[in-house]
Amino acid sequence: MSVSPLQFPVTRTTKSKLEGIDWENLPFGKVFSDHMFVMEYADGNWQHGEILPFGPIQMHPAMSAIHYGQSIFEGMKAYRNLGKEVILFRPELNAQRFIESASRMCMPPIPETIFLEAVRQLVSLDSDWVINKQGYSLYIRPFMFATDEFVGIKPSETYKFVIICSPVGAYYSEPVKVKIEEFYTRAAVGGVGRAKAAGNYAASLYPAKLAQQAGYHQLVWTDAKTHSYIEESGTMNILFVINDKLITPSEEADTILRGTTKRTVLDLAKSWGVPIEERQVTVDEIIEAAKNQTLQDAFGAGTAATIAPISVIGFKDQQFQLPSLESRTLSLKLKNHLEGIKIGSIEDAQNWVQKVC
Ligand code: COI
């Protein structure tokens with residue numbers, strides 16, 4: 001990494017928590033590294049950021065983010081490769097999506113260089129938290145929220161941008177059972193579905209809880225108007241293999257989050273000559289393919305979940321069992337290839353990997 005003119009001041013923790021970590025029993029997202037990055041927006045400008053010991057953030061009871069939900073986030077990961085270096089994977093895509101989310105939520109965008117430097121300097125300082133163990137990584141959570149102390153409704157004039165890190169293993173411990181949603185909605189055309197806005201996740205909790213009570217892990221979201229087109233699955237993008245074609249809902253609709261893992265999967269599959277269709281995907285065609293056994297694979301793609309095979313699709317009162325995991329050659333190859341690029345056992349032909357330290 002070249003030396004950056006943007007050097008953030010650091011206040012180090014006096015006692016690292018690293019020694020006490022039980023790596024064999026690591027719950028997703030509940031353990032945090034030693035430091036965090038904090039930067040404030042005020043007087044029309046982002047102020048100089050700093051790295052501080054990880055700890056609580058004080059808030060005013062009228063802080064507008066908790067009343068009106070002006071709050072966005074990102075999810076990215078740092079990995080340790082076979083050469084023991086710490087790397088980030090396509091971090092510029094997260095920086096760019098953060099800018100898009102901010103502008104949709106009427107928040108001041110963070111310039112890409114500042115976002116990337118903040119991530120790099122924080123991960124570099126906490127690099128001992130990126131362990132050399134298969135399936136483990138350091139989940140990085142940049143987020144921004146409105147901090148005006150005001151219960152009137154208007155765009156806030158002050159914000160906080162924070163980055164925290166959490167060492168993680170697998171998000172899903174088993175193949176995922178999903179239910180196609182026919183009533184509730186994640187996002188509507190003209191809404192904020194494309195933004196990684198906190199409220200999108202809050203709105204998904206109740207329908208997801210109903211699906212979990214019915215024995216599923218997650219929902220497959222459908223379009224708000226007709227519930228006949230597939231959009232996403234839970235917190236992941238969704239992809240299908242039918243008759244050897246890789247098919248995924250197109251991002252043209254502003255209801256679908258532009259996932260970096262999905263984009264990478266499509267880029268890789270394209271470079272291997274796999275036929276790809278990014279288009280509207282109907283519920284009917286997926287059910288029909290499941291019935292006539294041309295649905296060879298279905299999987300979710302996301303930063304936290306990576307590539308998560310779907311084992312069962314529920315629709316109305318029927319359940320469709322998908323083919324065995326061993327038969328899913330394309331998603332297995334994609335998963336292994338992605339993993340290989342990240343750990344350095346497979347050439348990073350597209351220059352997706354960025355070394356941190
Ligand atoms: C991610 O994959 O980074 C997500 O945003 C999912 C998160 C809600 C755990």
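Two cavities of 30 Å³ or more are found in this predicted structure, a cavity being a set of points, on a 1 Å grid over the protein atoms alone, where a 1.4 Å probe fits but cannot get out. The largest cavity has a volume of about 130 Å³, taken as the space filled by probe spheres set on grid points joined across faces, edges and corners. Its lining counts 15 residues, and Tyr 79, Phe 89, Thr 260, Thr 261 and Thr 303 lie nearest its centre; lining residues have an atom within 4 Å of a point.

Let's turn to the ligand. Around the ligand are Phe 73, Gly 75, Tyr 139, Arg 141, Tyr 171, Lys 196, Tyr 201, Thr 235, Thr 303 and Ala 304, each with a heavy atom within 4 Å of it. Domain 1 (18-168) and domain 2 (176-343) both contribute to this shell, so the ligand lies between them; the domain bounds come from an automatic or database domain assignment.

Now for the polar contacts, which are pairs of N or O atoms within 3.5 Å. Tyr 139 places a polar side-chain atom 2.6 Å from a ligand oxygen atom, and a polar side-chain atom of Lys 196 also lies 2.6 Å from an oxygen atom of the ligand. Thr 303 takes part through a polar backbone atom, 3.3 Å from a ligand oxygen. The protein covers 89% of the 290 Å² of accessible area that the ligand has on its own, by the Shrake-Rupley method with a 1.4 Å probe.

A note on conventions: residues are numbered from 1 along each chain as its sequence is written, and side-chain values use heavy atoms, leaving out hydrogens and water. In this predicted model, local features need pLDDT of at least 70 and side-chain atom pairs count only at pLDDT 80 or more, while totals for chains, interfaces and linings use all residues.

Key: A polar contact is a pair of N or O atoms within 3.5 Å; within protein, one must be able to donate a hydrogen and the other to accept it, and residues adjacent in sequence count only if both atoms are side-chain atoms. On a 1 Å grid over the protein atoms alone, a cavity is a set of points where a 1.4 Å probe fits but cannot get out, and a pocket is an open set with protein on both sides within 12 Å along at least five of seven lines; lining residues have an atom within 4 Å of a point.
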